[in-house]
Structure formats: structure tokens, C-alpha cells
Amino acid sequence: MYNILTLNKIAKVGTNRLGDNYACSDSVANPDAVLVRSAAMHDMEMPETLLAIARAGAGVNNIPVAKCAEEGIVVFNTPGANANAVKELVIAGLLMSSRKVLAGIEWAKTLKGNGDAVGKMVEKGKSQFVGPEIKGKKLGVIGLGAIGILVANAAADLGMEVLGYDPYISVDAAWKLSHNVKHAQTVDQIYAECDYITVHVPLNDSTREGINASTIAKMKDGVRILNFSRDGLVNSADILAGVKSGKIACYVTDFATDDILCEENIIVMPHLGASTPESEDNCAVMAADQIKDYLENGNITNSVNYPALSMARSGDIRFCVMHKNAPKMLTQILDCITSNGANVEGMENKSKGEYAYTVVDATGADQAVKASIEAIEGVIRVRVI
Ligand SMILES: NC(=O)c1ccc[n+]([C@@H]2O[C@H](COP(=O)([O-])OP(=O)(O)OC[C@H]3O[C@@H](n4cnc5c(N)ncnc54)[C@H](O)[C@@H]3O)[C@@H](O)[C@H]2O)c1
């Protein structure tokens, strides 16, 4: 029986996947794993029984990730679970940046009370809300990860010419990209050629304020910029100046900051990218599946502090060893397991930064060797499944 402690409400569609062998509640004692959304865990005393924490969502800044790694607690997240939700809102943003739908709707409200004259007033006044179609226009997508790929493919399906830029694109991602999406060699090519630019990169030191006065100057006059990733990816004062000068026809963002609110040609959404019931469900399902596979098989998918490692079961016993990424660990672990004549049926070892994870399937091994593996210097935690 496994105990799963929930620190936030987790969608039932996820927890139901755990099955009968799991006690899952917000008060369970001696948890093997924690399921969490936004609850702050930095001050929480980690129970000795705790093997894993799964965050139903992408960001993990509410979890002491490094401390967990030191204690052999695997921290999972659910990247991409909300990618479709964000993609749909980006497409809405793309259309709103072009067609003056929002301003038009606001104006239509002002006609209230004009009775039968409303129809005529609409026909007379609507010309102020003309905006271009997106079909045939060029869209630049910076960052082709979970979200960028979906946006690029959907925009291509809507008849846009799409240029994608991502110097670190994964092989998996490249396979998913539509053949209609063209490859930009440099980000400057995106700036120079595109009518619409949408940014889908993580915020880090190399991407921070990548959209700024000097990059905006390289863009076409009347460019439309979308940022559904993080507010720190743009210099908002430079964006504001660009919009006021007319260089930027429209800026659409999912991040509200005081300086850009209530400005003409800036559309600010209150961080709605992942706000769909489906996206919450997807996160819960992924988090539950990852926890279950780790607890039952020791397999790691989407961890932020330990390497990904999944291996089909073979042999009659599995040793899962979390250890420092140091020389000679593997030979010492194998020596212990095979010391009583056991046969190794399968083995994998992966590292991530200063930590590593070794899984060994064996037949004829003695559970008692667990203690001798634990005694190896650099070993953090050993599980026998
Ligand atoms: N608005 C929301 O509610 C919402 C929801 C989920 C994610 N996000 C944000 O969306 C962004 C993208 O998320 P994702 O799930 O697609 O991430 P991801 O990790 O799947 O993809 C990011 C991509 O950016 C690429 N990249 C990194 N640095 C780059 C650079 N300098 N130039 C070009 N490409 C670069 C990476 O190679 C990767 O392919 C993140 O910033 C994330 O925080 C926002």
C-alpha cells in the first residue's frame, strides 16, 4: 500500500489512476509521495518516508528542489500538459492583435439605448475597426518546444507563412513540427521578415528582455508581438515606446504589469494561458502516472532534479540507487549486488548534474545487499522493488 499526500486539490481524473493500492488524501501519514500544485513546501519538514514529489504544473519554485535531490527525493513536474491550452489562447491573441475585435465590442456597448438606430450606427461606425487577415502573413515563432510547436503548426494550418527559430530544438520536437514551418537560421531573420512574432522560450539569463529597443528596431514597421511566456522576456518600457511610436502595431501578452495596462494597442490578459479545466486534468494525470511508475518501477520521467530513466522490468528484483555523479559508483554497486552470485539481467545508469541514478534488475540477489550499497560513499538512497 502506498500513501500519497495531497497538499492542494488535485483533479480526481488524476488521483483515480493510482488504483486500489494507494491511500490518497490531504491528511495521510507517512507519505511515500506528495502531489502538489502551488502549496509552498520550502519550510516543510520532509518525512523520512518521502520518495517523490509531483508538481501538477510546470514551475517548481514552490518546492526545495536542491534539498530534495540531496535527500534522494525525486521532484517531478508536468511540462507540456497545458501546451494546448496556451496554444489556443495564442491563436486567439494572434487574431485579436489583427482584427480590432476588442475595441469594436467596447464601442458596440456604447450604442446601447439607441433602439432601432443601432443597426445603422453600426454600419456607419464600423470602419474604424478594420484590421488585416492573418492568412498569407508571416509569423515568426521563437522557441519550438511544447507550446511553440503547436502554435507554429496551427498558424500554418490557418494559412500563415511560419518561420520557426530554436537553436536547441529537441529531436522529438523536430519530428512534431509541420513540414510547412520553415527554419530560420538566425533570430534576426525572424525580426527582419515577420509581420507577427510570438515568443515561446523559458525565462533565463540568456533570454531575459530579449525583446528590447535594439531588437524591436530590427523588426518590420507595424509588427505585432505576442508574449504568452513570461513578462521578463520583454523590456516593457521599450515595448510601450514601440507601440506609442507606431513601430509596433499591437502587443499582446498574458502578463499584466502596471505600466502596460489600459494602453491603446496593448492587449493584456490576466495569465489565462493554462486556465482551462482540461489543462488542470492533464497535469493531474501526468503527475499521478509519473508518481505511480516511480513508486512501482523506479522509472523516472520529467524530473527536475534526477535524470530521466525508464527500463522494462526483468529479473526478480530491482535495485534503484540514487547517488552522487562520481567515478566508480557503478562498479561498486554491481559488486554488492552480484556478491552472492546473483545475475544482472538489466541495468541503466544516467546522470543529471551532480546526481546520478542507477537501476539494476537481477535474479538471485539477496535483499540484504541493500545495506552494503547504502554504505558506499556517495550513495544517497537505495530502494529494492
Ligand atoms: N501563459 C501561460 O500560462 C503559460 C503556461 C505554460 C507555459 N508558459 C511559458 O511558455 C514558455 C514555453 O513553454 P514550453 O512548455 O513550450 O517550454 P519548452 O521547454 O517545451 O520549450 C521551450 C523551447 O525554447 C527553446 N529555447 C530556449 N532558449 C531559446 C532561445 N534563446 N532562442 C530560441 N529558442 C530557445 C528550447 O530549445 C525549447 O525548445 C515558457 O516560458 C513557459 O514558462 C506560459
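Predicted model: local features only at pLDDT ≥ 70, side-chain atom pairs only at ≥ 80, totals over all residues.
**Salt bridges, aromatic pairs and a charged patch**

Good morning. Lysine 292 is partly exposed, with a relative accessible area of 24%.

With which residue does lysine 292 form a salt bridge? The partner is glutamate 296, and the N to O distance is 3.4 Å. Both residues belong to helix H11, where they stand 4 residues apart, about one turn of the helix. Glutamate 296 is partly exposed as well, because its relative accessible area of 26% falls between the 20% and 50% limits.

In total, the structure holds 15 salt bridges. Aspartate 289 is partly exposed at 29% relative accessible area, and arginine 17 is partly exposed at 40%.

A further salt bridge joins glutamate 106 and lysine 109, whose closest N and O atoms are 3.1 Å apart. The two lie 3 residues apart in helix H4, so about one helical turn separates them. Glutamate 106 is partly exposed, at 47%, whereas lysine 109, at 53%, counts as exposed.

I turn now to the aromatic residues. How many aromatic pairs does a search of the whole structure find? The search finds 4. Among them is the tilted pair of tryptophan 107 and phenylalanine 129, with 5.4 Å centre to centre and 45° between the planes. Tryptophan 107 is in helix H4 and phenylalanine 129 in the loop between helix H5 (118-125) and strand E6 (138-142), so the pair ties together parts 22 residues apart in sequence. Phenylalanine 129 is buried, at 19% relative accessible area.

Tyrosine 306 and tyrosine 355 form another tilted pair, at 5.5 Å centre to centre and 50° between the planes. Because tyrosine 306 lies in the loop between helix H11 (277-297) and strand E13 (317-324) and tyrosine 355 in strand E15, this pair ties together parts 49 residues apart in sequence. Tyrosine 306 is buried at 0%, and tyrosine 355 is buried at 8%.

Finally, the surface. Glu45, Glu70, Glu71 and Glu354 gather there in a patch of negative charge. Glutamate 45 lies in the loop between strands E3 and E4, and is exposed at 70% relative accessible area. Thank you.

Notes. Residues numbered from 1 in each chain as written. Heavy atoms only, no water. Patch = residues over 30% accessible without salt bridge, like charges linked within 9 Å, V, L, I, M, F, W, Y side chains within 5 Å. Areas by Shrake-Rupley, 256 points an atom, 1.4 Å probe, with all protein chains shown as cover. Salt bridge = Lys/Arg side-chain N within 4 Å of Asp/Glu carboxyl O. Lys, Arg positive; Asp, Glu negative; His and termini not counted. Charge placed at Lys NZ, Arg CZ, Asp CG, Glu CD. Buried < 20%, exposed > 50% of the residue type's maximum accessible area, 1.4 Å probe, protein only. Phe/Tyr/Trp six-rings, centres within 6.5 Å; stacked < 30°, edge-to-face > 60°.
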